[in-house]
Amino acid sequence: MIKSIEWCGHSVKFIDQTKLPIDEIYLNTSDYNVIADAIRKLKIRGAPLIGIAAAYGVALSAINSHAENFDVFEKDVLEAIGKLEATRPTAVNLFWALERMRKIVVNSTDVHNLKRLLVAEALKIHKEDEEMCRKIGDNGVKLIPTNAVILTHCNTGALATGGEGTAQSVIITAHRQGKNV
């Protein structure tokens, strides 16, 4: 399975979906502004993936901040959240993920601990989506008969989520079970 987005310690690697299907180009950045731009320009698309990318963007803004004073640090991270919020006004997962990150910021008082907490939360958001995709596949496959023909519309699978996708996960699971989809 391809990974359309990946946390790399101090950077985020993601596929530039505007280059598909001709080229498979991955970008790697430690700048949350690049993530924001990628969401805005549809290099990153799919509601769950947008939420994951935004959470990683917040984590990047935190770990790359040089502010030692908590008030300055908090202001910088909240500014990054605001910039990420402005990227896609209709993306529900974007706002949901950023609200989770914001709650961590406003409930903290220590710069170094907050950096760790924000990275952990972003990774948790990604892991939760991956697990949700797996569960959708496990449950949805029960509805798929053998020899089914399934048509999906729009972005799907690993390109749209943190896992194998929502609808695509059902199809992949059915294929693994030999249902000849």
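1. Cysteines. Cys133 is buried, at 2% relative accessibility. Cys8 is partly exposed, at 36%. This is a predicted model, and how many disulfides does the count give? The count comes to zero. The cysteine sulfur closest to that of Cys8 belongs to Cys133, and it is 19 Å away, too far for a bond. The cut-off for a disulfide is 2.5 Å between sulfur atoms.

2. Salt bridges, overall. The structure holds 12 of them. Side chains of opposite charge can pair when their charged atoms come close.

3. Asp37, Arg40 and Lys41 are linked in a network of salt bridges. Asp37 meets Arg40 at 3.5 Å, N to O. Asp37 also meets Lys41, with an N to O distance of 3.5 Å. Arg40 and Asp37 both sit in helix α1, residues 32-40, three residues apart, or about one turn of the helix. An α-helix has 3.6 residues a turn, so residues three or four places apart point the same way. Arg40 is partly exposed, with a relative accessible area of 43%. Asp37 is partly exposed too, at 24% relative accessibility.

4. The pair between helices α4 and α5. Glu121 forms a salt bridge with Arg100, and the closest N and O atoms are 2.7 Å apart. Glu121 lies in α5, residues 111-140, and Arg100 lies in α4, residues 92-106, so the pair ties together parts that are 21 residues apart in sequence. Are these two residues buried or exposed? Both Glu121 and Arg100 are buried.

5. The largest nonpolar core. This core has 42 residues, and Ile39 and Leu118 touch the most other members. The elements that give two or more residues to this core are β1 (5-7), β2 (12-15), α1, α2 (47-63), α3 (70-85), α4 and α5. Which element gives the most? It is α2, with 12 residues.

6. Contacts of Leu118. Set aside the neighbours within four places in sequence. Leu118 is then in contact with Val58, Ala59, Ala62, Val77, Met101, Ile104 and Val105. Another core lies apart from the largest one. That other core has five residues, among them Val141, Ala148, Val170 and Ala174.

7. Helix α6. This helix spans residues 167-176. Which of its residues are buried? Ser169, Val170, Ile171, Thr173 and Ala174 are buried. What covers the buried residues of α6 includes α5. After α6 comes Gly178, with a positive phi near 75°.

8. Arg134 and Thr166. Arg134 is found in helix α5. Arg134 is partly exposed, with a relative accessible area of 40%. Along the chain, Arg134 and Thr166 are 32 residues apart, while their C-alpha atoms are separated by 8.2 Å.

9. Rings. The count of aromatic pairs comes to one. There is also a charge over a ring: the charged end of Lys13 sits over the ring of Tyr26, 5.1 Å from its centre.

10. Backbone points to check. Most residues other than glycine have a negative phi, and most peptide bonds are trans.

11. The cis bond. A cis peptide bond joins Leu20 and Pro21, with omega about 0°. Pro21 lies in the loop between β2 and β3, where β3 covers 26-29.

12. Asn147 is not a glycine, yet its phi is positive, about 65°. Asn147 sits in the loop between α5 and α6. Asn180 is not a glycine either, and its phi is positive, about 55°. Where is Asn180 found? Asn180 is in the segment after α6. Asn180 is exposed, with a relative accessible area of 52%.

Technical notes. Residues numbered from 1 in each chain as written. Predicted model: local features only at pLDDT ≥ 70, side-chain atom pairs only at ≥ 80, totals over all residues. Heavy atoms only, no water. Salt bridge = Lys/Arg side-chain N within 4 Å of Asp/Glu carboxyl O. Helix = DSSP H or I, 4+ residues; strand = E, 2+ residues; numbered from the N terminus. Buried < 20%, exposed > 50% of the residue type's maximum accessible area, 1.4 Å probe, protein only. Core = buried A, V, L, I, M, F, W, Y, C linked by side-chain atoms within 4.5 Å. Contact = heavy atoms within 4.5 Å. Phe/Tyr/Trp six-rings, centres within 6.5 Å; stacked < 30°, edge-to-face > 60°. Lys NZ or Arg CZ within 6 Å of the ring centre and 35° of its normal.
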